[in-house]
Amino acid sequence: MSDIVVPGFKSSELIADLNKAFESFSADERAKLVKQVNGVFQFVIKNKDGKEEVFTVDVKKEGKVTRGKGAVKADAILSLKDADFVDLATGKLNGQKAYMSGKLKIKGQIMLAMKLDNVFKAVNPTAKL
């Protein structure tokens, strides 16, 4: 089992899937995604018990996912609830609506967060960030 998966955080399973997708990419596919997105995202996710976990998605240098704060400073920090992250990543929730309604909070480069759509679509073609 991946060290990214955290019990009580359904979102961590999706983030682990994202990492598996990155690992399965060829060097060219990974380079293309890194060039397209060029950013480091930090997710601060709170579960229904009020516990928080941090995950870092580096699509700037390496194309990898880590649990906790990454070695590279995040360009955009996204804070949201576990269930909302799952809905975003699976395409049930629109990212702009989530942001406008306060379900998704973004610090840093907001426009970069729009590129997250490309990242999630690499794993799940129906994602709607």
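Where do Asp17 and Lys20 lie, and how many residues apart are they? I found both in helix 1 (residues 10-24), 3 residues apart, about one turn of the helix. Helices (H or I, at least four residues) and strands (E, at least two) are DSSP runs here, numbered from the N terminus.

A note on what I'm looking at: this is a predicted model, where local features need pLDDT of at least 70, side-chain atom pairs count only at pLDDT 80 or more, and totals for chains, interfaces and linings use all residues. Residues are numbered from 1 along each chain as its sequence is written, and side-chain values use heavy atoms, with hydrogens and water left out.

**Salt bridges**

I searched the whole structure and got 4 salt bridges (a side-chain nitrogen of Lys or Arg within 4 Å of a carboxyl oxygen of Asp or Glu). Asp17 and Lys20 make one of them, with their closest N and O atoms 3.7 Å apart. I then checked exposure: buried means under 20% relative accessible area, exposed over 50%, partly exposed in between (1.4 Å probe, protein chains only). Asp17 is partly exposed at 33%, while Lys20 is exposed at 51%.

Next I looked at Glu53 and Arg67, whose closest N and O atoms are 2.9 Å apart in their salt bridge. This pair links distant parts of the chain, with Glu53 in strand 2 and Arg67 in strand 3, 14 residues apart. Is Glu53 buried or exposed? Glu53 counts as buried, because its relative accessibility is 14%. Arg67 is partly exposed at 42%.

Lys60 and Asp75 also meet in a salt bridge, at 3.1 Å from N to O.

I traced an open sheet of 5 strands, in the order 3-2-1-4-5, with mixed pairing (two strands pair if DSSP finds at least two bridges between them). Strand 3 (64-67) and strand 5 (104-108) are the edge strands, each pairing on one side only. Strand 1 (residues 39-46) pairs with strand 2 (residues 52-59) in the antiparallel sense, over 8 bridges. Glu53 turned up again here: Ile45 stands opposite Glu53 in strand 2.

Met100 belongs to helix 4 (residues 95-100). I noted Met100 as exposed, with a relative accessible area of 70%.
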